[in-house]
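Subject: Structure for you to look at

Hello,

I am passing on a structure that you have not worked with before.

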Amino acid sequence: QRYLARAAKILAGFDRVAVVLPGNHDFYSGASDDFWKHFPLPEHGRVLLLDQYRPYPLQDLGVNATLYPSHCNKKKSEKQNALGWLEQCERAPGFFQIGIAHGSFEGLSPDLEKDYFPMNAAELEKFRMDLWLMGHIHVQFPPKPSPQSRIFYSGTHEPDGMDCKHEGKAWLIELQEDRSVKASSIST
């Protein structure tokens, strides 16, 4: 609980909106003993725990976007991902549509048994999001983004093991009015 409180305090200090998406190692099950039940959300409302399969409009927080999260609800998904709810979801017109998901990606990450919320480009593209912000893979993707890139894995913000040879990374992504993307890789 001490680490959750510390993380929440750091996020509460951001000037803008900060969002948290549970992944497969810190999944949100909704159970009474769930890890996330102890995450202290600040009163100002600019830190959002994306623990529901529903749109999260950000307009009241000064951001011209709606988030469509697909969090992990267990450690292993048994050959399926958490995108199914988007099939019936109504979209907020006029705003940027941003999907946020956690899981393996076909052709990019090793998941031979398809246990870790497997996804592929065609599946993500059918939802016609302006941007997909992804988690699970520990290296950045795409290696050389273009203005038409729509799917971004941030990688890890710091080396994640003794055998890790790459530095920590993050993306700085600007979504332009014409829906084009300007993405810069940042070494952390």
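The model is predicted, so keep its limits in mind: local features need pLDDT of at least 70, side-chain atom pairs count only at pLDDT 80 or more, and totals for chains, interfaces and linings use all residues. Residues are numbered from 1 along each chain as its sequence is written, and side-chain values use heavy atoms, with hydrogens and water left out.

Overall build

The chain contains 2 helices and 9 strands. Helices (H or I, at least four residues) and strands (E, at least two) are DSSP runs, numbered from the N terminus. In sequence order the pattern reads α-β-β-β-β-β-α-β-β-β-β. The chain is as compact as a globular protein of its length, because its radius of gyration of 16 Å is close to the 16 Å that the globule rule gives for 188 residues. That radius is taken over C-alpha atoms, and the rule is 2.2 Å times the number of residues to the power 0.38. The C-alpha trace spans about 40 × 40 × 35 Å along its principal axes.

Of the 188 residues, 40% count as buried. Buried means under 20% relative accessible area, exposed means over 50%, and partly exposed is in between (1.4 Å probe, protein chains only).

Among contacts in the chain with a separation of 6 or more, 56% come from residues 24 or more positions apart. Contact here means heavy atoms within 4.5 Å.

As for charge, the chain has 21 positive and 24 negative charges, and their mean positions are 2 Å apart. Lys and Arg count as positive and Asp and Glu as negative, while His and the chain ends are not counted. Each charge is placed at NZ of Lys, CZ of Arg, CG of Asp or CD of Glu.

Cysteines

How many disulfides does a search of the whole structure find? The search finds 0 (a disulfide is a pair of cysteine sulfur atoms within 2.5 Å). Cys72 is in no disulfide, and the nearest cysteine sulfur, that of Cys89, is 18 Å away. Seen from Cys89, the closest cysteine sulfur is in Cys72, and 18 Å is too far for a bond. Both residues count as buried: Cys72 has 0% relative accessibility, and Cys89 has 16%.

Backbone

Most residues other than glycine have a negative phi, and most peptide bonds are trans. The peptide bond from Phe141 to Pro142 is cis, with omega near 0°. Pro142 sits in the loop between strand S6 (131-135) and strand S7 (151-153).

Lys114 is not a glycine, yet its phi is positive, at about 55°. Its place is the loop between strand S5 (96-102) and helix H2 (121-125). Phe117 lies in the loop between S5 and H2, and its phi is also positive, near 50°. Is each of these residues buried or partly exposed? Lys114 is partly exposed at 40% relative accessibility, whereas Phe117 is buried at 3%.

Single residues

Gly99 belongs to strand S5 and is buried, with a relative accessible area of 0%. Apart from neighbours within four places in sequence, Gly99 is in contact with Tyr68, Met129, Leu131, Trp132 and Leu133. Gly99 and Arg150 are 51 residues apart along the chain, and their C-alpha atoms are separated by 9.8 Å.

Gln176 is in the loop between strand S8 (169-175) and strand S9 (181-187) and counts as partly exposed at 30% relative accessibility. With neighbours within four places in sequence set aside, its contacts are Phe96 and Lys182. From Gln176 to His166 the separation is 10 residues in sequence and 30 Å in space, C-alpha to C-alpha.

Asp15 lies in the loop between helix H1 (2-12) and strand S1 (18-20). It counts as exposed, at 73% relative accessibility.

Regards
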